[in-house]
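Hi,

Here is the structure I promised to pass on. Have a look at it first, and my notes come after.

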Amino acid sequence: MGITELEKRKILYKDTLLCYQCAKCSSGCPLVEEMDMYPHVVIHLASLGLERSVMNSETIWICASCYACAVKCPNDIEIPNIMNRLKQMALDEGFEPKRKDVYKFHKVFTDDILRRGKVHELRIMIEYNLRLGKLLKNATLAPKMLFKNKLHFIPPKAVKGFRKWVKKTS
Ligand code: SF4
Ligand code: SF4
């Protein structure tokens with residue numbers, strides 16, 4: 001006997017069932033203002049099996065997997081992993097983000113984080129601009145970020161064991 005839709009949902013979103021909608025994840029998300037659906041709403045809809053409405057939103061593409069939400073969650077729900085799963089499901093089902101720049105940023109960000117487990121902001125800025133064909137986009141931000149020590153010319157060291165882990169899991 002095959003598994004039912006409900007069982008599949010429970011397997012896919014078993015973490016989301018622990019969510020009691022405190023919205024701490026949304027309040028801790030640095031990108032929430034760019035999103036069209038709050039992270040806690042994504043979790044709620046996913047737990048109800050309404051993932052198609054989530055796949056239609058920009059939020060899953062804007063999410064940068066920074067883990068700020070997961071750190072705040074009192075139930076240790078792995079929100080970034082759920083977002084990534086939903087992104088993969090959206091791609092599998094032929095959904096595309098409405099804003100192409102969002103998808104390009106997502107690609108640049110994930111490619112970069114897969115190099116060392118940490119982002120190199122300068123590289124991301126340059127590569128994203130190159131992909132957009134607008135080399136000087138947001139160029140005025142660079143001096144401010146340099147001044148605040150948020151932009152580094154040298155990439156950060158890889159997280160210990162990260163490359164091995166990527167190799168093993170890919
Ligand atoms: S912080 Fe955790 S429990 Fe609270 S709404 Fe977000 S996912 Fe749900
Ligand atoms: S992982 Fe995504 S949803 Fe969570 S805080 Fe970061 S950007 Fe927001």
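This is a predicted model: local features need pLDDT of at least 70, side-chain atom pairs count only at pLDDT 80 or more; totals for chains, interfaces and linings use all residues.

Residues are numbered from 1 along each chain as its sequence is written, while chains are lettered from A and ligands numbered from 1 in the order in which they are written.

Domains. The protein splits into domain 1 (1–98) and domain 2 (99–170), with bounds that come from an automatic or database domain assignment. Their C-alpha centres are 23 Å apart. Across the boundary, 7 residues of domain 1 are in contact with 5 residues of domain 2; contact here is C-beta atoms, placed from the backbone, within 7 Å. The side of domain 1 that touches domain 2 has 4 nonpolar, no polar and 3 charged residues. For the classes, Ala, Val, Leu, Ile, Met, Phe, Trp, Tyr, Cys and Pro are nonpolar, Asp, Glu, Lys and Arg are charged, and the others, Gly among them, are polar.

Ligand 1. Around this one sit 15 residues, of which Cys19, Cys22, Cys25, His40 and Cys73 come nearest (a residue is near if its C-beta atom, placed from the backbone, lies within 6 Å). α2 (24–28) and α3 (39–47) are the elements that give two or more residues to the shell. Helices are DSSP runs of H or I, at least four residues, numbered from the N terminus. By class, the shell around ligand 1 has 10 nonpolar, 3 polar and 2 charged residues.

Ligand 2. Here the shell has 14 residues, with Cys29, Cys63, Cys66, Ala68 and Cys69 nearest. The shell around ligand 2 has 12 nonpolar, 2 polar and no charged residues.

Two loop residues. Most residues other than glycine have a negative phi. Glutamine 21 has a positive one, near 60°, and sits in the loop between α1 (5–12) and α2. Why does glutamine 21 count as exposed? Because it has 12 C-beta neighbours inside 10 Å, and the cut-off for exposed is 12 or fewer (buried is 20 or more, partly exposed in between, with C-beta atoms placed from the backbone). Aspartate 76, in the loop between α6 and α7, also has a positive phi, near 55°. Aspartate 76 is exposed, with 10 other C-beta atoms within 10 Å.

Cheers

Technical notes: Two residues are in contact if their C-beta atoms, placed from the backbone, lie within 7 Å.
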